[in-house]
Amino acid sequence: MKKVSAVMAIFAALLLCGAEEAKNHITGQFELLRAGKNTISNKDGIVTITLFQKLNSGGAREIFHLNQSKPVAIEFGAESKLDTGLDGKAGVDYCVYVDLVYADNSRTYQLIAPFSITAHDWELKTRKFVPRKPIKTVVFYLLYRNRDKGTVQFRNAFVREVPAK
């Protein structure tokens with residue numbers, strides 16, 4: 001019995017040593033997208049967006065190159081906190097949003113992971129996408145826009161390559 005337990009412990013240790021965390025391609029060096037009186041900041045790893053007027057701009061973006069040689073699935077997401085509930089429905093105005101450029105320069109737009117529109121503490125939203133072509137460039141957005149007012153925060157943003165399963 002002890003031999004079996006020892007073998008299982010060694011096997012588990014080998015599995016853990018071989019398991020690598022997938023690289024997060026987000027560096028946190030966001031370009032802040034603002035307009036009008038709205039404010040956006042990126043401090044201590046937290047992007048804060050405060051809207052004072054309804055405009056189709058409010059967010060942060062980071063662009064990076066994957067330069068895949070073959071199609072590899074990606075997973076992306078972030079955490080967000082909303083202090084006051086919103087009218088309407090969840091969607092592209094409060095979400096993690098990704099556009100892709102493939103190796104042949106064709107594109108996929110509007111891959112989203114929408115957040116809840118009721119007031120909430122830190123909420124994680126993720127999405128997995130399996131491309132049919134190698135991804136050259138990822139344009140990653142944290143969006144909060146088209147609202148009259150309110151403040152949201154984002155943290156722990158990520159994009160990583162993952163197994164397709």
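Student: What is the relative accessible area of lysine 133?
Tutor: Lysine 133 has a relative accessible area of 34% and is partly exposed. Buried means under 20%, exposed over 50%, and partly exposed lies in between, with a 1.4 Å probe and protein chains only. Please note that this is a predicted model, in which local features need pLDDT of at least 70 and side-chain atom pairs count only at pLDDT 80 or more, while totals for chains, interfaces and linings use all residues. Residues are numbered from 1 along each chain as its sequence is written, and side-chain values use heavy atoms, with hydrogens and water left out.

Student: Which residue forms a salt bridge with lysine 133?
Tutor: Aspartate 104 does, and the closest N and O atoms are 3.1 Å apart. Aspartate 104 sits in the loop between S6 and S7, and lysine 133 in the loop between strand S8 (120-129) and S9, so the pair ties together parts that are 29 residues apart in sequence. Aspartate 104 is itself partly exposed, at 47% relative accessibility. A salt bridge here is a side-chain nitrogen of Lys or Arg within 4 Å of a carboxyl oxygen of Asp or Glu. Strands (E, at least two residues) and helices (H or I, at least four) are DSSP runs, numbered from the N terminus.

Student: How many salt bridges are there in the whole structure?
Tutor: The search finds five. One of them joins arginine 160 to glutamate 75, with 3.3 Å between the closest N and O atoms. Arginine 160 belongs to strand S10 and glutamate 75 to strand S5, so this pair ties together parts that are 85 residues apart in sequence.

Student: Which partner does arginine 155 have?
Tutor: Arginine 155 forms a salt bridge with glutamate 79, the closest N and O atoms being 2.9 Å apart. Again the residues lie in S10 and S5, so the pair ties together parts that are 76 residues apart in sequence. Arginine 155 is partly exposed, at 27% relative accessible area, whereas glutamate 79 counts as buried at 15%.

Student: How many bridges pair S5 with S10?
Tutor: S5 and S10 pair over eight bridges, in the antiparallel sense. Two strands count as paired if DSSP finds at least two bridges between them. Isoleucine 74, for example, has glutamate 161 in S10 as its bridge partner.

Student: And in what order do the strands of that sheet come?
Tutor: The order is S2-S3-S10-S5-S8, five strands in an open, antiparallel sheet. S2 and S8 are the edge strands with a single partner each, so one side of each is left without a neighbour in the sheet. From one strand to the next, the twist averages 20°.

Student: Is S3 mostly covered or uncovered?
Tutor: S3 is mostly covered, as five of its six residues are buried. S3 pairs with S10 over five antiparallel bridges, and isoleucine 49 has valine 152 as its bridge partner in S10. Five bridges also join S3 to strand S2 (residues 39-43), and these strands run antiparallel. In the hairpin of S2 and S3, with two residues between the strands, aspartate 44 takes a positive phi near 55°.

Student: What about the other sheet; what is its order?
Tutor: That open sheet has five strands in the order S1-S4-S9-S6-S7, with antiparallel pairing. Strand S1 (31-33) and S7 stand at the edges with one partner strand each, so one side of each is left without a neighbour in the sheet. Within the sheet, nine bridges join S6 to S9, and valine 101 stands opposite threonine 137 in S9.

Student: Which residues touch the most other members of the largest nonpolar core?
Tutor: They are Phe76, Leu100, Phe140 and Leu142, in a core of 33 residues. Strands S3, S4, S5, S6, S7, S9 and S10 each give two or more residues to this core. Another core, of seven residues, lies apart from it and includes Cys95 and Tyr141. A nonpolar core is a set of buried Ala, Val, Leu, Ile, Met, Phe, Trp, Tyr and Cys residues joined through side-chain atoms within 4.5 Å.

Student: Finally, where is the confidence lowest?
Tutor: Confidence is lowest in helix H1 (residues 2-18), at a mean pLDDT of 35, and highest in S7, at 97. pLDDT is the predictor's confidence in each residue, from 0 to 100. The chain has a mean of 81, and 81% of its residues reach 70 or more. Where pLDDT is low, the predicted coordinates should not be read in detail.

Terms used. Axes fitted to C-alpha atoms, helices over the stretch in contact; angles between N-to-C directions.
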